[in-house]
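Open the model in your viewer and keep the sequence panel beside it. The stops below are given in the order in which to select them.

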Amino acid sequence: MKLPLTARILIGMVLGIVVGYACHVWLSADDAARVGRYFSLLAELFLRLIKMIIAPLVFCTLVIGVTKIGDVRAAGRIGLRTLCWFLAAGFISLTLGACLANWLRPGALLASALPPANAATGLSVSGLSLEQFVVHLVPSSIVAAMSTNEILQIVVFAAFFSVGLTALGKKGDGVVQLLDEISHVMLRVTSYVMAAAPFAVFGALANVVATRGLSVLITYGRFMGEFYVALAMLWLLLVLAGGAMLGRRVFSLVGCMRVPMLLGFSTASSESVYPKTLEQLERFGVPNRIASFVLPIGYSFNLDGTMMYCTFATLFIAQAYGVNLSFGEQLSMLAILMLTSKGMAAVPRASLVVIAATLSQFNIPEAGLLLIMGVDHFLDMGRTATNVLGNAVASAAVAKWEGVLAPSEDDAGRPVQPSVVASGESLTSALRTTAIERPTP
């Protein structure tokens, strides 16, 4: 019997930790690092395969989604509701991180020696100003934006392209049909790529554990444990917010998202889960025109787990160095993070760069980043899974808000009430045929 993708990913995680730890114990540090680099090739190849399909998939699905809405005013209404949800979720995430950091004070009892305040971190904090973010919104070349997977720039171009197609009316039907067929092809390619996910998970974890060992988890165990408690509370708030819109169906949504969340957790990469998240949202009943519109925007504007981490980690570093921030200063920090976090999708090692920029604003030693760099990968795993859940809840909530949320599919993959499924959702059939597995809601 073929194991479901969830089970294969879990097996890859366990084997990665076991093999990585064995290499760390039995090999010298140099040999373990060298072997770890070989393991990391599996994850690197998988992520490159995913990145290869992200740009065309995002562009095609977003254009199809907007053109299926048909009315520019309706698209604007959906966009406004989406941004309102994202802003509210972001504010809650930032505030929760600050409140829990002040209550738990994870940095106050840090046992390890602190890095010198003038130690270099190797991170560049340029390009995070509001002016740079606004300029960065518009691509100077869509080819360059696609080649570098600048999701936000692709979204902006796709929005303009969609409005132009909608204005053409029937003259644009041929282009829409072509993009629809391309999206079918990309979804088929996605099914092939996803088969390699367990090997990527194995390689990523084996590399980290082989080079750093399990001691890094013990040294910062309290900080990591408290952060994951904070993530659990954020999950609860997201589920409650989803329940306010979806009722008890929110639990079915969480069930549908277990594979994308597990994949995001194990690879610490949001890009790796985009195709699977889009598939599962449609299976849950979110029309393609809504999911393909909300989800790409969420990659830049709705990083709930990452935003909470920014406040939590900033206050952790401040506490470690004995820097007390007043209530007014913490409010200013929240406002700064609300703005700078919106550009994180375009910045390598995004959360660390945003934190570095925030530390400099409040005279907190930037060297404090060295405290969390060693465990950032393990924390990023939880942040990524939370981002997936947040975007899924947002997509379903907007669909419910628009009154177009269809019933979920049953275990056999058939719509429970086909008559209420929105018309024109041609991608749904493609997603059913390309799915590697169909998790039970």
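Helices here are DSSP runs of H or I with at least four residues, numbered from the N terminus. The model is a predicted one.

**The whole chain**

The protein chain has 20 helices and zero strands. Of its 441 residues, 55% count as buried. Among contacts with a separation of 6 or more, 84% are between residues 24 or more positions apart. Switch to a surface view: the chain exposes about 18,600 Å², and carbon and sulfur atoms supply 66% of that area.

**Colour by pLDDT**

Where is confidence lowest and where is it highest among the elements? Helix α20 (residues 426–434) has the lowest mean pLDDT, 39, whereas helix α11 (residues 249–256) has the highest, 92. Now select residues 410–441, where pLDDT stays under 50. The model has 75 contacts beyond four places in sequence for this stretch. Over the protein chain pLDDT averages 78, and 80% of the residues score at least 70.

**The annotated spans**

Next, select the spans that UniProt, in an unreviewed entry, lists as "transmembrane region": residues 7–29, 49–70, 82–104, 151–168, 189–207 and 227–247. Look at two of them. Residues 7–29 are 91% helix and 0% strand, with 32 Å between the end C-alpha atoms. Residues 227–247 are 95% helix and 0% strand, and there the end C-alpha atoms are 28 Å apart.

By the distance rule used here, the count comes to seven salt bridges. Show the side chains of R77 and E402, which meet in one of them at 2.6 Å, N to O. R77 lies in helix α3 (residues 72–104) and E402 in helix α19 (residues 376–402), so the pair ties together parts that are 325 residues apart in sequence. R77 is partly exposed, with a relative accessible area of 38%. E402 is buried, at 18%, since buried means under 20% relative accessible area.

R81 is partly exposed, with a relative accessible area of 22%.

Stay on α19 and select R383 and D380. Their salt bridge has its closest N and O atoms 3.1 Å apart. Both residues lie in helix α19, three residues apart, about one turn of the helix. An α-helix has 3.6 residues a turn, so residues three or four places apart point the same way. R383 is buried, with a relative accessible area of 2%. Which residues do salt bridges with shared partners join into one network? They are R77, R81 and E402.

**A nonpolar patch on the surface**

Select F91, I92, L236, L237 and L240 with the surface on. These residues form a nonpolar patch with about 490 Å² of accessible area together. Helices α3 and α10 (221–246) each supply at least two of its residues. Helix α10 gives the most, with three residues.

**Helix α13**

Go to helix α13 (residues 274–284). How many of its 11 residues are buried? The count is 11 of 11, and the helix is mostly covered. The buried residues include K276, E279, E282 and R283, along with Y274, L278 and F284. Just after α13, select G285, which takes a positive phi of about 125°.

For the last stop, pick the C-alpha atoms of S191 and P275. These atoms are separated by 9.0 Å, although the two residues are 84 residues apart along the chain. S191 is found in helix α7 (residues 173–194). Is S191 buried or exposed? S191 is buried, with a relative accessible area of 11%. P275 is among the buried residues of α13.

Key: Residues are numbered from 1 along each chain as its sequence is written. Side-chain values use heavy atoms; hydrogens and water are left out. Buried means under 20% relative accessible area, exposed over 50%, partly exposed in between (1.4 Å probe, protein chains only). Contact means heavy atoms within 4.5 Å. Accessible areas come from the Shrake-Rupley method with a 1.4 Å probe; for residues, only the protein chains shown count as cover. UniProt positions are given in the numbering used here, feature names are shortened, and annotations may be inferred rather than shown by experiment. A salt bridge is a side-chain nitrogen of Lys or Arg within 4 Å of a carboxyl oxygen of Asp or Glu. Patches are made of residues with over 30% relative accessible area and no salt bridge: like charges are joined within 9 Å, nonpolar side chains (Val, Leu, Ile, Met, Phe, Trp, Tyr) within 5 Å. pLDDT is the predictor's confidence in each residue, from 0 to 100.
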